[in-house]
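Here is a briefing on one protein model and its ligand.

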Amino acid sequence: MKYGKALMATLLLATGNMLYAAGGFTYKKADAPVEDRVNDLLSRMTIDEKIGQLNQRSFYEGEEAMKMWQSEVQAGNIGSLLNIVTPDNADAIQKVAMEKSRLGTPVLMARDVIHGYKTVFPIPLGQAATFDDAIVELGGRVAAVEASSDGIRWTFTPMMDISRDARWGRIAESFGEDTYLSTRLAVANIRGLQGEDPSDPTSIAACAKHFVGYGASESGRDYNSTYIPPRQLRDVYLPPFKAAVEAGVLTFMTSFNDNDGVPATGNRALLKDVLRDEWGFKGFVVSDWGSIQQMIPHGFCPDLSNAADRAFNAGVDMDMEGYAYISHLKQLIESGKVSMGDIDNAVKNVLRVKFMLGLFENPYVVTPQSVKYDQLHHCAARKAAELSSILLINYGVLPLKGVKKVFLTGPLADAPHEQMGTWTFDGEKSRTVTIAKAMRDQFGSDVEIVFDPCLTFSRDRSTAGIPQACSKAAAADVIVAVMGEESILSGEGHSRADITLPGAQNEYLEALKATGKPLVTVVMTGRPMAIPRVDEISDALLYVFHPGTMGGPAIADILFGKVSPSGKLPVSLPRFSGQTPLYYNQHATGRPATGKETLMYDAPIEAPMTSTGCSSYYFDAGFGPLYPFGYGLSYGRFTYSDLCLDSGSYTPDGTIRASVTLTNDGDMEATEVVQLYVKDHFGSVTRPVRELKQYSRVTLKPHESTTVRFELPVKELAFTGLDMKYAVEPGDFTLYIGGSSKADLAKDFKVN
Ligand code: GLC
């Protein structure tokens, strides 16, 4: 009998393998419904193979390492590998998975392709400054095509953390402070990455991250706790993620922060109740790097087994480099702390994405290597850099027309690595076209470009080169000083308490100003910086968030007037570090600033305590940003007139139709980002002073006018009220249309 059973088992296995080999299994049939394939494969998996699918490891090279990876993959212990970046390694691993693992389940190869792979686009904060969904989508598409040529089919982007604190280094990776802008651009990026058909070999799975609230890290210090109340969570931080689910994003990533004491990686209310039950998300959730294990130092879990238990039961499907699931899930199942049903659901989520990506049919690299740095990709990156550049000041100095000699200087004028910005793992600095190179190549035949960086890097505190540099500046017609931050000064783990220009940059700018020559300052950075003095002494100020591979040609074209700048601030620029967090759509408070307050140095000695103004402002810094969200100039001169609404009152299921006349009174074709804001004058809870609800890019020739129209469903005015219900509340509203969050062309209306 003993042999009988063994014989039967062998026969079954052999039969199964024959069927499998003949592709007879449903999961091997490309034309079978995905869910049938998922369920069929699941039914054939052992518990170890199931747990293996929930385990993500970070690849590292080496002969011995490769043997280890292939052995682990053959055993079915790895569902995904991140940081594999050569087609040979990817295919070698995949070959083992497809041909030697028992069921031939492909490995999902992943990489952080945050704003481009080989062709590097502006950092996401710069892409946000374009207010251009199409260019953000195109950037995602280009990144996906290039990454897929190295076997990457999953990336950990878009990051859609609402970021209101300029001290936080990861503001660089965000789309800024506004929920509406971040939502639109995150969805655009997902469309670009995942393409029309995720199973296309050039499509890669996007990842909605970091779920949720990471951008509210207290005091802007990375990884710090957050204290986001439920209503703000619903109305400010969650909307981009909800939209990502509706856009079909295939994966989510939990965030490092604990919110009100609960780490996001162990937050069942968010991961099950909201993400799955309320929103119906069908993809899978991956932890952030080690964030399961990090619930131990959080003080949320006593040990790794408990961390695995709490993360898994909260709804985290895959463990990124935490070794928690591969080490403890089996024992947790045996002890009954984790149910087999939940394991099956998690595995199905992962398998579903793999089937949707077509990995079983196309496990190997098919995208040709030639796509990397394709000239069309460079053109797209150059366009993105151009659209992301924000002109804040121009006292008639720009564009540089008729100048014969330009003194180009500053630590970021010829900095190919820095120009790419943070989270640029795979861009090659040799491909970067710097501002210095572009100015020489594109305009050097007509204009003498004298270049001396003076400061060799942004943190350079040496002032020794300043006198010589200034003598060169004095001999030129105009100074172009490219200042700002090296890329390492923003991004993960790089929050700054003092967000002013580092090193001796301020001293150097003062010396340049003292030469009396027109001073064009380009600030290239990963964050909103506090630059009030730069604002005072510059004759022109161009603000650029690390613009990527083609930033040089784009900025040179703008400086010399081949194109007009059109970028708008996706974040408020503070006057002082101490103002952060700072954002336009704050609540009015009971004592709004009046602008008539007495500032600290204007107060008389022994001034009576209440004589200087008892309103919400800083005694030393006043109130408000240096430049507001949505602000940016161009070489045109835009005026707004004739704002009209199709009614004075609306029902909650109605649509507001607004129109405005936009005129370009300037002498150059230019593009304006027309913005529509709404103020809700009162509600069952206090409301933001105004909120962005629509935007549109409009290009006009000199002296051309057009009517810009918007349709705004009244339901877009909904918010989470006192009763925690999301609804439109009747009341008085004002609609504004203009070129920044300070738009003052207004029309009142009611919702009944
Ligand atoms: C990092 C980041 C996350 C990234 C992941 C993989 O720590 O928080 O955004 O995608 O690890 O590199």
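The lining of the second largest pocket divides into 14 nonpolar, eight polar and three charged residues. The model is predicted. A search of the whole structure finds 40 salt bridges.

**Second largest pocket**

- This pocket holds about 600 Å³ of space.
- Its lining counts 25 residues, and the closest to the centre are Tyr583, Tyr584, Gln586, Phe623 and Val689.

**Largest pocket**

- The largest pocket has about 1,200 Å³ of space.
- A total of 37 residues line the largest pocket; Thr179, Arg234, Asp235, Pro239 and Tyr726 are the closest to its centre.
- Five elements are listed as giving two or more residues to this lining: the helices α8 (179-194), α9 (230-237) and α10 (239-246), and the strands β21 (691-700) and β23 (719-720).
- The largest share comes from α9, with five residues.
- By class, the lining of the largest pocket has 15 nonpolar, eight polar and 14 charged residues.
- As a general point, rolling a probe the size of a water molecule over the atoms shows where empty space is left.

**Ligand site**

- Which residues are around the ligand? They are Asp112, Phe156, Arg170, Lys209, His210, Met253, Phe256, Asp288, Trp289, Met320, Trp423 and Glu492.
- By class, this shell has six nonpolar residues, one polar and five charged.
- Asp112 has a side-chain N or O atom 2.5 Å from an oxygen atom of the ligand.
- For Lys209, a polar side-chain atom lies 2.7 Å from a ligand oxygen.
- His210 also places a side-chain N or O atom 2.7 Å from an oxygen atom of the ligand.

**Salt bridges**

- Side chains of opposite charge can pair when their charged atoms come close.
- The whole structure has 40 salt bridges.
- One of them joins the side chains of Arg496 and Glu485, at 2.7 Å from N to O.
- Arg496 and Glu485 are eleven residues apart, and each lies in the loop between β14 (478-484) and α19 (505-514).

**Backbone details**

- Where does the cis peptide bond with omega near 10 degrees lie? This bond runs from Thr157 to Pro158.
- Pro158 is in the loop between β4 (154-155) and α8.
- Phe211 and Val212 are also joined by a cis peptide bond, with omega about 0 degrees.
- Val212 belongs to the loop between β5 (207-211) and α9.
- Tyr323 has a positive phi, near 55 degrees, in a residue other than glycine.
- The loop between β10 (319-320) and α13 (325-334) holds Tyr323.

Terms used
Residues are numbered from 1 along each chain as its sequence is written. This is a predicted model: local features need pLDDT of at least 70, side-chain atom pairs count only at pLDDT 80 or more; totals for chains, interfaces and linings use all residues. Side-chain values use heavy atoms; hydrogens and water are left out. A residue is near a molecule or strand if one of its heavy atoms lies within 4 Å of it. A polar contact is a pair of N or O atoms within 3.5 Å; within protein, one must be able to donate a hydrogen and the other to accept it, and residues adjacent in sequence count only if both atoms are side-chain atoms. Ala, Val, Leu, Ile, Met, Phe, Trp, Tyr, Cys and Pro count as nonpolar, Asp, Glu, Lys and Arg as charged, and the others, Gly among them, as polar. On a 1 Å grid over the protein atoms alone, a cavity is a set of points where a 1.4 Å probe fits but cannot get out, and a pocket is an open set with protein on both sides within 12 Å along at least five of seven lines; lining residues have an atom within 4 Å of a point. Grid points are joined across faces, edges and corners, and a volume is the space filled by probe spheres set on the points. Helices (H or I, at least four residues) and strands (E, at least two) are DSSP runs, numbered from the N terminus. A salt bridge is a side-chain nitrogen of Lys or Arg within 4 Å of a carboxyl oxygen of Asp or Glu.
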